[in-house]
Amino acid sequence: MSLTGPLLSRHVRIALGCVSLLGGIAPAMAQQPAQGVQSQQVAISIPAGPLENALLALGRQTDLRLVYRSEITAGKTTAGVTGSLTPSAALSRLLSGTGVSFRSSGGNTVTLEAGASSAAGLPDPTGDTTLKPIVLRGGEGRPADAPYETAGSTSYISSEQIERFRGSTAGDIFKNTPGVISANNHNGGAVNVNIRGLQGQNRVRVAIDGTQQTTTTWRGYAGVDDRTYIDPDLIGGVSISKGPSGGAAGAGVNGGVVGIRTINAKDIVEDGKQYGGRIKIGAQDNTTSDFTINSIVQQTDSADFFDFTNGNGSVALATVQDNFDLVIAAARRYRGNYFAGSKGPTTYNFNNRDYLLSYTKPGEEVWNTSSESTSFLAKGTIHMDDDQSLELGYVHYEAEYGEAMSSLLFTQDGTFRQAPLSNVTTDTFTSRYRYNPDDMVDLKVNAWMSIVDQMDMSTGLAFYLPPVITPINQPPGDDPRYAMTHTYGGDISNTSKFDTDYGNASLNYGISYLFEDIDSRPYQSRTTASSIGASMVPSVGSRSIASAFTQGEWEATDWLKLNAGLRYDYYRLEDKGATSDTGVREKDGGRLNPSISATIEPIDGLQLYALYAEGVRPPTMRETMGNDGNVRPNPYLKPEVAKNWEVGINLSKEGLITADDSARLKFSYFNNNYTDYISRVPLVVPSPVPPGTPAFTFDNLKKARFSGVEVSASYDLGFLFAEGSLTYYTDYEFCRTLSTCSGTTVDMDYAANHMPPEIMKRLTIGTKLFEDKLTAGIRITQAGARLSPVTQSARMYTGMWVPYTTVDAFATYKITENLTFDLQAENLTDRFYIDALDGWNPAPGRTIRASLTAKF
């Protein structure tokens, strides 16, 4: 079967309407006077040395956000600055004699420019040092540095890192992040995040521009996926917070929050310009050009690289005006089934017996791994005046992809085949208002809606041979499972900053609300197309979460910072199914969750921190009231509560060894405790279990615990750089009661497929040559064995892997200032292996990707 591209649906017409609305409103908005950079004095201590290092230090010691091109500071030095000064006065002294000028860009943003200082750019050294206002909108600091200045485990993935290691799926962008894995990465075409052993059932939130489009999808023996869909070309950056989190996104979540920011106008338009565009095209090998549904013969020959059957393309156009920004973008990609690697072990050993890792053999086509998607984005920001702005956004995604129920992948070779494709369409609408007239008011009001319309194929287990071989066999009973989820959300928050005699302080406080309306259709679970099968009724109902939160920060001294937070989360579930499995139609509850942290900075750039945080994850509709997974819901479940503590070290240093180098390090030890952990447990039922009869239910364990060490580090010497990450779990346990703890997961629990490797290591080494035009390097990944051993019963439904080492390579060459060529080799040594938490599908073999990016 050759895939045909999905047509842009009616929702794209809605997007075009949004663009027209922005285009009509924005030019009519009048520009208002701007406000200048803060003029309050702060303690500054920056030694003489390279100007680049001095500017980075100034950004850390003040609230200034500096925007400039690296070439205007290259090779320049400064005499440094020490004393109690306003940020603008300190910057003026640093730039003295360098030939670099600066101008205020609104708020605390300052733009550096080559050339002599001007009256608009420099303050009068004998008088007021407040800069004359020039309007420019911008972000809030350097997000890539934020993890190394935060008390707690956070990570950031830049668009450059995404481009460097594009990978085969959207979930591959997490492969450099310690403690984070995208599970079932090659089965289903979605992002399904596991953070420190927690996964599924809304434990981890993936928020795209602050929204939630995640859907909970039952995947048989593999458990429950929380699926999110996004095209990598539309991602501007990814921030990750591990464990209970503050703000609106952290409501009802105990595993962590993954915040995906889509591209905006400033990602496309170069500094100093009003218009810009970006075009990306790419191709890859190691995939099929077509395939046949219900095929039982795997292909061994891949499509030619230069026939461009498999590839991707995107275009983005943007403008940055005095009173509005606008970006529109579209992306299209297609990849057929990929081929597995050719070298490596194909079995694992359990109780002195060898079992196949997968029914796919080395070098063969990996069925059900194709993906074809079309995406569209429109986002505009209207700047009503210098203090307030309104951003409106729309993201559309639709895809047709291969996937297979776990039972099809491991039950027996005779049922293994190419299944019919599944599909999904998502639409996300956002509205984000901000009002920031002074330090006391930084008001944010957000409202959003997401719609997810999906059809997942429930694959039958019939032995199937085409009629040309035998007319006796019946086609397998593949039944589509339809579901539609509408999610609505909103939040209001404000941040106030105070300067006191006892140090600077800030307070963030707000409320949020999320309402999820779930609708689905019954379907039949059957072996052959002619069999009646068992009727399966998925969840139908609603889930709402309301939250009130506050977070305070006090800089007690120049070396001690204290943070404390408090949030109350309330949840309500309502079963709207035609019949009730439990007789309970409604359930609600709530909990108050505190957090506290302390950060000590004994020397500039070195921090020691300690953190304690609690968070709550309410039970889901699937666990309490409606389930299509042979599970009897339990309406009396208690919420799952996280009580986590962590200690760590942050290092962010310029000029660590040489005058021009930079180093980053984050080391953390975490001990995550989950009381009332919700687990699937077996019921006492006849054997064999009659079709459609619940064989399991859910129950609260007394506790579960994960502890370990995470390290992320980077060192940049200019022509040479290195980045590394390490995740090592030191201990874990699951306790049905306080006196019955075990070193294995509970029998029949989904957690058996959520246990990460005991150790995961990654190292990237690269170089920059030819005046930084060429960047090239390799990444080495090593994954250890599963953290917990599997039991005899769990082995049959748990995706297994054996420890593996893989090598990836990359090269980026700037042909011109606006034209870049990227070349990547995934799995350079062509290893046959199963990725950790990836079920039974082998990872792609050696895959070459080439892409060309043009900016104008």
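Trainee: Let's start with the open sheet of 3 strands: what is its strand order?
Mentor: Keep in mind that this is a predicted model. The sheet is open and has 3 strands, with mixed pairing. Reading across, the order is β3-β7-β6.

Trainee: And which strands sit at the edges?
Mentor: Look for strands that pair on one side only.

Trainee: What does the twist average from one strand to the next?
Mentor: We're still on the sheet ordered β3-β7-β6. Going from one strand to the next, the twist averages 30 degrees.

Trainee: Which residue in β7 is the bridge partner of Arg-65?
Mentor: β3 and β7 (residues 109-114) run parallel, joined by 3 bridges. Arg-65 has its bridge partner in β7, and that's Thr-109.

Trainee: At about what angle does helix α3 run to β6?
Mentor: Helix α3 covers residues 87-95 and lies across β3, β6 and β7. Relative to β6, helix α3 runs at about 165 degrees.

Trainee: Over to β43 and β44: how many bridges do they pair over?
Mentor: β43 spans residues 774-783 and β44 spans residues 804-816.

Trainee: How many residues lie between β44 and β45 in their hairpin?
Mentor: β45 (residues 819-826) runs antiparallel to β44, with 7 bridges joining them. Phe-810, for example, has Gln-824 in β45 as its bridge partner. Between the two strands of the hairpin, the number of residues is 2.

Key. Residues numbered from 1 in each chain as written. Predicted model: local features only at pLDDT ≥ 70, side-chain atom pairs only at ≥ 80, totals over all residues. Heavy atoms only, no water. Pairing = 2+ DSSP bridges. Helix = DSSP H or I, 4+ residues; strand = E, 2+ residues; numbered from the N terminus. Axes fitted to C-alpha atoms, helices over the stretch in contact; angles between N-to-C directions. Contact = heavy atoms within 4.5 Å.
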